[in-house]
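Here are my notes on this model, as numbered points. Please read them with the structure open.

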Amino acid sequence: MPNTPARLETRSLTRRFGGRAVVDAVSLTIAPGQVTCLLGPSGCGKSTTLRMIAGVETPDDGQILIDGAEVFGPVTALPPEARGIGLMFQDFALFPHLTVAQNVGFGLKADRAARSARIGELLERVNLSGYGDKHPHQLSGGEQQRVALARALAPRPRIMLMDEPFSGLDNRLRDGIRDTTLEVLKEEGAAVLLVTHEPDEALRMADEIALMRGGRIVQRGSPYHVYNSPADKAAAAFFSDIN
Ligand code: ADP
Ligand code: MG
């Protein structure tokens, strides 16, 4: 059964390091069932934003809401595991000593039958049926990434945060895995916030792009809008080196 995706909202989210706001009053709304790409150059504050939403970094200011309910703010600070959020990071390695099936089932709290049904369903979704008993080292990089996706989705997160999940893969593999990932995310039904520094990835995957620079959101809109009507010269230049 598909999940009911949630609405994720940040209001004036701020994080300072050594007096400098690396995330500076970021307000975002991620619509249920949509992929929002947080796009911007390296160092602009994308990962810090994601980490605050995940609950592994504490904001200095601002508010985070899921379906209108505060999960972080003046009166609340829910721990990461209580936020119903799935995470996928580039360097989120699989557990090498566990099989593919055990990796996918790792965060699942369910009885044996439900567990194995869920694992089977997910392996089929990522086109890895029959790989359950293999170990990660027997898989290619792209296959490992698909296992990581299945593992992140196993507990049916209503919100999925992805930080440059494809940047460790070579170009040849990327288009395919981007498409598979999108398909699986839509089938599973999550609100997705995908961080990337690559314009072509955002243009390919996003329903909505939030363009970030120097800790701030400088523009947001559909890929078509952001690409064709850049907010300023720097935004135009950022998109100009893709072909
Ligand atoms: P991005 O993911 O867009 O590349 P980050 O969110 O990782 O950017 O980092 C934004 C800025 O914050 C960078 O200048 C980085 O050096 C700084 N930064 C991140 N984490 C810390 C930290 N724990 N201490 C000090 N500075 C940090
Ligand atoms: Mg980063």
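Strands here are DSSP runs of E, at least two residues long, and are numbered from the N terminus. By that rule, A25 falls in strand β2. The model is predicted.

1. **The four-strand sheet.** This sheet is open, and its strand order is β2-β1-β4-β5. The pairing is antiparallel. Both β2 (20-30) and β5 (69-72) have a single partner strand, so one side of each has no neighbour in the sheet. From one strand to the next, the twist averages 30°.

2. **Pairs within that sheet.** Strand β1 (residues 8-17) is joined to β2 by seven bridges, and the two run antiparallel. In this pairing R15 sits opposite V23 of β2. Strands β4 and β5 are also antiparallel, with three bridges between them. There, L65 faces E70 in β5. The β4-β5 hairpin has two residues between its strands. D67 in this hairpin has a positive phi near 50°.

3. **The six-strand sheet.** What is the strand order in the open sheet of six strands? The order is β6-β7-β8-β3-β9-β10, and the pairing is mixed. Its edge strands are β6 and β10 (216-221), each pairing on one side only. Twist averages 20° from one strand to the next. One parallel pair is β3 (residues 35-39) with β9 (residues 208-213), joined by four bridges. Within it, L39 stands opposite L211 of β9.

4. **Helix α1 between strands.** Helix α1 covers residues 46-54. It lies across β1, β2 and β4 (61-66), at about 120° to β1. Helix α1 also lies across β3, β6, β7, β8 (191-196) and β9, at about 150° to β7. Its buried residues are K46, T49, L50, R51, M52 and I53. After the helix comes G55, with a positive phi near 95°.

5. Which residues are around ligand 1? They are F17, V22, G40, S42, G43, C44, G45, K46, S47 and T48. Helix α1 supplies the largest share of this shell, three residues. By class, the shell has three nonpolar residues, six polar and one charged.

6. **The largest nonpolar core.** This core holds 59 residues. The members that touch the most others are C37, V104, A150, I159, L161 and V192. Helix α4 (residues 141-153) contributes the most to the core, six residues. In soluble globular proteins, nonpolar side chains tend to be buried together.

7. **Contacts of I159.** This core member deserves a separate look. Leaving out residues up to four places away in sequence, I159 touches A6, L8, I66, G84, I85, A190 and A191. Among these, L8 belongs to the span of β1 (residues 8-17), and I66 to that of β4 (61-66). A191 lies in the span of β8 (191-196).

8. Neither residue is a glycine. A25 has a positive phi of about 55°. This alanine is in β2. Is A25 buried, exposed or partly exposed? A25 has 15 other C-beta atoms within 10 Å, so it counts as partly exposed. E164 also takes a positive phi, about 45°. The loop between β7 (159-163) and α5 (171-188) holds E164. E164 is buried because 20 other C-beta atoms lie within 10 Å. The cut-off for buried is 20 or more.

9. **P74 in its loop.** P74 sits in the loop between β5 and β6 (85-89). Why is P74 classed as exposed? P74 counts as exposed because it has 9 C-beta neighbours inside 10 Å. The cut-off for exposed is 12 or fewer. P74 and R216 are 142 residues apart in sequence. In space they are 22 Å apart, C-alpha to C-alpha.

Conventions
Residues are numbered from 1 along each chain as its sequence is written. Chains are lettered from A and ligands numbered from 1 in the order in which they are written. This is a predicted model: local features need pLDDT of at least 70, side-chain atom pairs count only at pLDDT 80 or more; totals for chains, interfaces and linings use all residues. Two strands pair if DSSP finds at least two bridges between them. Axes are lines fitted to C-alpha atoms, for helices over the stretch in contact, and angles run from 0 to 180 degrees between N-to-C directions. Two residues are in contact if their C-beta atoms, placed from the backbone, lie within 7 Å. A residue is near a molecule or strand if its C-beta atom, placed from the backbone, lies within 6 Å of it. Ala, Val, Leu, Ile, Met, Phe, Trp, Tyr, Cys and Pro count as nonpolar, Asp, Glu, Lys and Arg as charged, and the others, Gly among them, as polar. A nonpolar core is a set of buried Ala, Val, Leu, Ile, Met, Phe, Trp, Tyr and Cys residues joined through C-beta atoms within 7 Å.
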